Amino acid sequence: MRLLDGLDDAQRHAVTSPAAPLCIVAGAGSGKTRVLTRRIAYRIATGEADAARTVAVTFTRRAAWELRTRLRSLGLDVDGGQRVHVGTLHSLVYGRLRQYWRDNGIAPRRIFDNATRGLTVDEQRRRGIIEFDEVLLEFAEAVRHDRAFADAVRWFFRHVYVDEFQDVSAAQFEAVMALVGDRADLCVVGDPNQSIYGWNGADPSLMASLPARFPGLEVVRLDANYRSAPPIVAAAARVLHMAVPAAGGERGAAAPTLTRHTTPDDEADAIARAVRAAHAPNTPWSDIAVLARSNAYLEGIAAALHRSRIPYRIAGRLALLGRPAVREGLAGLPHSVPAVEAALQLRSAAHDYDDAIERGALHEVADLARDFDGLVPGGSVAAFIEWLPTVRPGDTLAGPDAVQLVTFHKAKGLEWRTVFVAGVHDGLVPVANGDVEEERRLLYVAMTRAERALHLSYAGHPSPFLPDGFDELAVPPAPSNSPERVADLRSVLAATSPPASARARRRRHPAA
């Protein structure tokens, strides 16, 4: 079966294992998305799962787009009547919650993202609004107190897959558990070494709680890094003080470099020169990225690139819903027509734009309209527009050929052939008052975005996370072909760096 082509033994086991529930601990560059999407496709192809009752949950629109694209390439329907449901947890849950409100004669409520802090739940209800994360808690509450609704939700979403599980918050965990209920048809994928959102409520210890909640849970560990060259894998592993995993990237690559500069301006100018030198023939600018801990630090580098006439793009500067074509396209839609019809109109409107980015934005919103119709069949454009904020728009769409300037956080899940990690000095890496171990994992994430070349630099004193003898790293062994199955997920987590010390307090949700 071609779904198993090109997989190593551990990956193949993760795809084909009959275990349910299943937890896949997937390290950086280990083919996480490839394994997840092939497992979904494999179970559907073998009759173990119903495509129309399968849901793949992510936490960002970009990740949802990636899953949808991969599943479509495997021949799965993600647009039609027998579609696999793919989307962010908030968007999927809000679609079900709107159905619940409609069935129970409750007026639908509009989402305000972090705009209603200080208002009680009752005040929000009187105003016809609901906070972003309150959507998850109200959904879980409805499932707990309405058996018919719970049965309908769990029938509709029968086979549940959750990506990036190491970064779930208490509210997200509660919503996922409400989706699953007492069933065992759950597959989660995550990596505790890449847990970097504790400041936003993420709690990696929730991943460790799965064995107690689901006795018999199988854990499969994917360690080999197929993205990064061996010296990069070794350097990143030393930042976390972890054993060096097998590396499957290009052999013969040079060791990462570490350069000291007197001031940030000197560093920015040096990076601009190095970026131009890295732009070899047949190497697009977009194969090069500059990563930094903060957007403010990237601004100085952007200025240096501008002075050197190097094209660049700072991720996240213009949100999807801020695109002129999208604003115009949504404004021209009749609010009473079904959202699925709006998808056709938006695709048609895309032909009026010469700019590839604007066309792409319209096509992406059209995809979201189709997703919404799958969640709320026959839902109107007005309801779709209210639902759109749940997909957390904010990432910039792929643009023309340009060097990518990205914060460490936004770099998660991305990769480039050549990566410059800037500002790796004490005071910025880690940031003041940040959780030290989470900040260490954040640098690890940044370093493992590089495929072939990694260059780190700092101004002043180096980060305490940088290992001694950075340029004398040994080349790790080639990947092993034998799968490693771990019986106890707690032992997996114990082998990683400690989770963030700050824990999000679970908010109490009053009964409806």
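Trainee: Which residues in H2 meet which residues in H3?

Mentor: This is a predicted model, so keep that in mind throughout. On the H2 side they are Thr 33, Arg 34, Leu 36, Thr 37 and Ile 40. On the H3 side they are Glu 66, Leu 67, Arg 70 and Leu 71. By class, the contact of H2 with H3 has four nonpolar, two polar and three charged residues.

Trainee: What is the angle between H2 and H3, and how far apart are their axes?

Mentor: Helix H2 covers residues 32–45 and helix H3 covers residues 61–73. They pack at about 55°, with axes 10 Å apart. That makes H2 oblique to H3. The reasoning: roughly parallel needs an angle under 35 degrees, and roughly perpendicular starts at 65, so an angle between those is oblique. The crossing of H2 past H3 is right-handed.

Trainee: Why are H4 and H6 called oblique?

Mentor: Helix H4 is residues 89–103 and helix H6 is residues 134–145. Their angle is about 50°, and their axes are 9 Å apart. H4 and H6 are therefore oblique to each other. Their crossing is left-handed.

Trainee: Which residues make the contact of H4 with H6?

Mentor: H4 gives Leu 89, His 90, Val 93, Tyr 94, Arg 96, Leu 97, Tyr 100 and Trp 101. H6 gives Val 135, Leu 136, Glu 138, Phe 139 and Ala 142. They divide into ten nonpolar, one polar and two charged. Tyr and Trp count as nonpolar here.

Trainee: What about H6 and H8: how do their axes cross?

Mentor: The axes come within 8 Å and cross at roughly 35°. H6 passes H8 in a left-handed crossing. From H6, the contact includes Leu 136, Leu 137, Phe 139 and Ala 140. From H8, it includes Ala 171, Gln 172, Glu 174 and Ala 175. By class, there are nine nonpolar, one polar and two charged residues.

Trainee: How do you know that Asp 185 and Arg 43 form a salt bridge?

Mentor: Their closest N and O atoms are 2.9 Å apart. The cut-off is 4 Å, so the pair qualifies. The search of the whole structure finds 20 salt bridges.

Trainee: Why does the pair of Asp 185 and Arg 43 tie together parts of the structure?

Mentor: Asp 185 lies in the loop between helix H8 (170–180) and strand S7 (186–190), and Arg 43 is in helix H2, so the pair ties together parts that are 142 residues apart in sequence.

Trainee: Now the sheet. In what order do the six strands run?

Mentor: The order is S9-S14-S13-S10-S12-S11, in an open sheet with parallel pairing.

Trainee: What makes S9 and S11 edge strands?

Mentor: Each pairs on one side only. S9 is residues 257–261 and S11 is 312–314. From one strand to the next, the twist averages 20°.

Trainee: How do you know that S11 pairs with S12?

Mentor: Three bridges join S11 to strand S12, residues 403–407. Pairing needs at least two, so S11 and S12 count as paired.

Trainee: What makes the peptide bond from Val 429 to Pro 430 cis?

Mentor: Its omega is near 10°. Pro 430 lies in the loop between S13 and H19. The bond from Ala 20 to Pro 21 is also cis, with omega near 10°. Pro 21 sits in the loop between helix H1 (9–16) and strand S1 (22–26).

How values were computed
Residues numbered from 1 in each chain as written. Predicted model: local features only at pLDDT ≥ 70, side-chain atom pairs only at ≥ 80, totals over all residues. Heavy atoms only, no water. Axes fitted to C-alpha atoms, helices over the stretch in contact; angles between N-to-C directions. Helix = DSSP H or I, 4+ residues; strand = E, 2+ residues; numbered from the N terminus. Parallel < 35°, antiparallel > 145°, perpendicular 65-115°, else oblique. Left-handed = near helix turned anticlockwise from the far one by under 90°. Contact = heavy atoms within 4.5 Å. Salt bridge = Lys/Arg side-chain N within 4 Å of Asp/Glu carboxyl O.
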